[in-house]
Amino acid sequence: MSHIVLRRAEPADLPALTDLWDRSRGACLPFLPILHSHEEDIAFLTGHAQAGQLTLALSEGVLAGFMALTPGWINQLYLDPDQRGRGIGRTLVNYAKTGHDQLSLWCFADNLAAQGFYLSQGFTEQRRTDGNNEAGLPDILYGWQRPV
């Protein structure tokens, strides 16, 4: 496992973030329809960055993943497809856990790799929907609670 550094996103990171997001969705979520333009994606990530909600994971100084974190929620977690399996996702989730007693997140039902990952990180399935989301795809609500 390479050395992973976490830091908050800055405006200068947005082009690389958007590129990683596009590549990750294309490689890992081929079932996900394209819902927004590139400009809309940049605006979405800019909003998270301006709110201080985006945490970047850098491996050997290169952007390897990111997470959008709000109180009690992991809203987005994406990795560079070439960096999967190197502890980056685990590092981001562990960072989220340090500041929360409970976390929730949504995962598409077709994203089997992510389901296995979240279960391995101590999340449990809370409920499923038939597609009550913007993409109209079935998804799963996962929850994690700090052990007492």
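This is a predicted model: local features need pLDDT of at least 70, side-chain atom pairs count only at pLDDT 80 or more; totals for chains, interfaces and linings use all residues.
Trainee: How many disulfides does the count give?
Mentor: The count comes to zero disulfides. Cysteine 28 is in no disulfide, and the nearest cysteine sulfur, in cysteine 107, lies 11 Å away.

Trainee: Is cysteine 107 buried or exposed?
Mentor: Cysteine 107 counts as buried, because its relative accessibility is 4%. Cysteine 28 is also buried, with a relative accessible area of 19%; the cut-off for that term is under 20%.

Trainee: Changing topic, what span does helix H2 reach?
Mentor: H2 runs over residues 38-50, and its 13 residues reach 18 Å from the first C-alpha to the last. That is close to the 18 Å expected at 1.5 Å a residue.

Trainee: Which residues of H2 are buried?
Mentor: They are Asp41, Leu45, Thr46, His48 and Ala49. These residues lie on the same side of H2, because they cover an arc of only 160 degrees around the axis.

Trainee: Why would residues some places apart point the same way?
Mentor: An α-helix has 3.6 residues a turn, so residues three or four places apart point the same way.

Trainee: What covers that buried side, and what does the face turned away from it carry?
Mentor: The cover of the buried residues includes helix H1 (14-28) and strands E2 (54-59), E3 (62-70) and E4 (73-79). The face turned away carries the exposed residues Glu39 and Gln50.

Trainee: Which residues does aspartate 41 touch?
Mentor: Leaving out residues up to four places away in sequence, aspartate 41 touches Thr18, Trp21, Asp22, Arg25 and His36. Aspartate 41 is buried, with a relative accessible area of 5%.

Trainee: And what comes just after H2?
Mentor: Glycine 52 is found there, with a positive phi of about 75 degrees.

Trainee: Now the largest pocket: what is its volume, and how many residues line it?
Mentor: The volume of the largest pocket is about 1,300 Å³. Its lining has 46 residues, of which Trp21, Leu29, Gln76, Tyr78 and Phe108 lie nearest the centre.

Trainee: Which element gives the most to that lining?
Mentor: E4 does, with seven residues. H1, H2, E4, helix H3 (88-98), strand E5 (102-108) and helix H4 (112-120) each supply at least two residues of the lining.

Conventions
Residues are numbered from 1 along each chain as its sequence is written. Side-chain values use heavy atoms; hydrogens and water are left out. A disulfide is a pair of cysteine sulfur atoms within 2.5 Å. Buried means under 20% relative accessible area, exposed over 50%, partly exposed in between (1.4 Å probe, protein chains only). Helices (H or I, at least four residues) and strands (E, at least two) are DSSP runs, numbered from the N terminus. The expected span of a helix is 1.5 Å times one less than its number of residues. The arc is that of the directions from the helix axis to the C-beta atoms. Contact means heavy atoms within 4.5 Å. On a 1 Å grid over the protein atoms alone, a cavity is a set of points where a 1.4 Å probe fits but cannot get out, and a pocket is an open set with protein on both sides within 12 Å along at least five of seven lines; lining residues have an atom within 4 Å of a point. Grid points are joined across faces, edges and corners, and a volume is the space filled by probe spheres set on the points.
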